[in-house]
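These are my notebook entries on a structure that I looked through for the first time.

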Amino acid sequence: MYEQMLKCLHCGAQYPLERMFEGCPRCKKDSFQSNVVVDYDYEKIKEAVTRDVLQKRHVLGVWKWQEFLPVDPALGITLGEGGTPLLPCRNLGPVLGMSHLCIKDESRNPTHTFKDRSAAVGAAVARKFGSRHLIAGGGNTAAAAAAYGAVSGLQVISFENLDESKQAILQTLSYGGKVVYLKKYEDRYPLMKTCVDALAAHPVSSYTRSPTGDPYSEEGRKTVAFEICEQLSWNVPDTVIVPTGMGFGLFAVWRGFQDLFTTGFIDALPQMVAVESSAGGSLTKTLTSRSDSIQRVVTAPTIAKHILVPQVGYQAYRAVRDSGGVALTVEDDEILDAVFSLATHEGVYASTTSAAAIAAAKNLHESGYIDAEDTVACVITGGGLKDSDIIETHFSLPDPVGGDWNTFVTLMKTHYNMVL
Ligand SMILES: [Zn+2]
C-alpha cells in the first residue's frame, strides 16, 4: 500500500499511521482544531498505476481505487458501494439555463447515501486496528456503519439526535445497530470519546467540538471525485457542489480531485462549492467574515437536518478556499422546490439534503457565478426515501375509487386538475 503518514492540514506536522481521531495536537488552540489527513507516496502510485490500468480494471466502486486508499482491500467487505452514475440533467439543465448540469447520484449506494463509501473503508480500517466496535454520530452515517458492521463482525453503536428521521433509525436497528438517543447534540462528545478510549472503538463520525474525525474512513468518499473524472473521460468539472454539514464529504471529494491532479491523471481542478442550510451556515459565515477562525452558529430547525451542525470542520474551509470556490446557504422552500424539480424532470428522488445542491446551482447561475456553459456536478448525497416524514406533509392523498369510469374521471379532475 502507498499510505505513508498522517499530516496536519494546517501546520504540516507529521504523525504515524495510528489511531488518531482528535486532530492535530501541535496546532490545537481553545477555539481551533485542524484535521489530519492521510498522505501517500504519490510517486510510487504513479509508477504502479495509470489511467488506462484503472479504466480497464474490472472492479466497480470504492475498491477499484485501492492505490489511493489507506487500507488493504483484503480487509474490506463490499456491499457494492460506489460505481454510481453521473447523470446529465437533460430536462432540468435547460429549465435552469445550464447546458452541462449533471448529478452524481449517490442514492444508488447500498444504504442509499454516499456514507457507504466511508463506512466500507471505515469497517476495514477498524478491523486493521483490531477494533470490535464502530461508533457513529447517528443518522445516515450510523445506518451505513451498521450495514458494514453487520457484514464485518463489528458491533455498531449510534448516537442519535431526538429529531433524527425514523427511517434512518429503523434502518440502523434492522442491521443490528444499537441506537442511543441523546438529550442534546453535544452529549455525543464525551460518550464517543470514552468509547474510543475505553473500548478501542473505531469512530466513523467526529466527536470533537471542532470536527476532526477519522482521517481513514473519509478516504472512501474521495472515490466520488475519481468516478466523476473517469465518467467525464478524464475531464474535470468547472464546479462541484456538495451539501455540507461538518464538511467531511466536501473535503473528501476535493481530496479526490487533488489526488488525481498530483498523480497527473487530470490537468485541472474544480471549484468546490459548499451548500449549507440557512438554519446553520457555519462555513458560509466563516468565509463571509473573511476569517480562518471557524465560526460556530446557533442552529434552527430545517428539513435538511443531515447538513445541520453548529460548526463546520477546518478541512471544509480549506476545500473551498484552496479551490477558489464559495459557500452559500439555501432556504427550506428552495430545497423542497429542488426535490420536486429533480424528481419531475430527471426521475431522481433525492433527499432534502442532496437537493440543496440543485438549489445552490440555480442560485449561483442566477447570480452569475456559474456560466451557462460551465460543467457543473452536483453530488446527490442520498435518496429521498428516508425523508418521507417531510415529503408526506406536501401531498394530500386521493380518496379510493371503485370501478366506475365517471367517478374516476371526476377524481382526476378534482384532485389533480387533469382532464381526461
Ligand atoms: Zn497542526
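Which residues are buried in α13? I worked on a predicted model, and there I found T352, T353, S354, A355, A356, A357, I358, A359, A360, A361, L364 and H365 buried in α13. That is 12 of its 15 residues, and I noted the helix as mostly covered.

Entry on the length of α13. I checked the span of the helix against its residue count. At 1.5 Å a residue, the 15 residues of α13 should span 21 Å, and the end C-alpha atoms are 21 Å apart, which agrees. Just after α13, I noted that G368 takes a positive phi of about 90 degrees.

Entry on the neighbour of α13. I looked up how helix α12 (residues 332-346) lies against α13 (residues 352-366): the axes come within 7 Å and cross at roughly 95 degrees. Angles of 65 to 115 degrees count as roughly perpendicular, and α12 and α13 are therefore roughly perpendicular to each other. On the α12 side, I listed E334, I335, A338, V339 and L342 in the contact; α13 contributes T352, A355, A356, I358, A359 and N363. By class, I recorded 8 nonpolar, 2 polar and 1 charged residues in this contact.

Side chains of opposite charge can pair when their charged atoms come close.

In the pair of E230 and K64, the closest N and O atoms are 2.9 Å apart. I placed E230 in helix α8 (residues 223-231) and K64 in the loop between α2 and β4, 166 residues apart.

For E186 and R296, I noted a salt bridge with the closest N and O atoms 3.6 Å apart. E186 lies in the loop between β8 and α7 and R296 in the loop between α10 and α11, so the pair ties together parts that are 110 residues apart in sequence. I recorded E186 as partly exposed at 28%, and R296 as partly exposed at 23%.

The side chains of E219 and R255 meet at 3.2 Å, N to O. E219 sits in the loop between β9 and α8, and R255 in helix α9 (residues 248-262), 36 residues apart. I noted E219 as buried at 5% relative accessible area, and R255 as buried at 7%.

Note on methods. Residues are numbered from 1 along each chain as its sequence is written. This is a predicted model: local features need pLDDT of at least 70, side-chain atom pairs count only at pLDDT 80 or more; totals for chains, interfaces and linings use all residues. Side-chain values use heavy atoms; hydrogens and water are left out. Axes are lines fitted to C-alpha atoms, for helices over the stretch in contact, and angles run from 0 to 180 degrees between N-to-C directions. Helices (H or I, at least four residues) and strands (E, at least two) are DSSP runs, numbered from the N terminus. Angles under 35 degrees count as roughly parallel, over 145 as roughly antiparallel, 65 to 115 as roughly perpendicular and the rest as oblique. Contact means heavy atoms within 4.5 Å. Ala, Val, Leu, Ile, Met, Phe, Trp, Tyr, Cys and Pro count as nonpolar, Asp, Glu, Lys and Arg as charged, and the others, Gly among them, as polar. The expected span of a helix is 1.5 Å times one less than its number of residues. Buried means under 20% relative accessible area, exposed over 50%, partly exposed in between (1.4 Å probe, protein chains only). A salt bridge is a side-chain nitrogen of Lys or Arg within 4 Å of a carboxyl oxygen of Asp or Glu.
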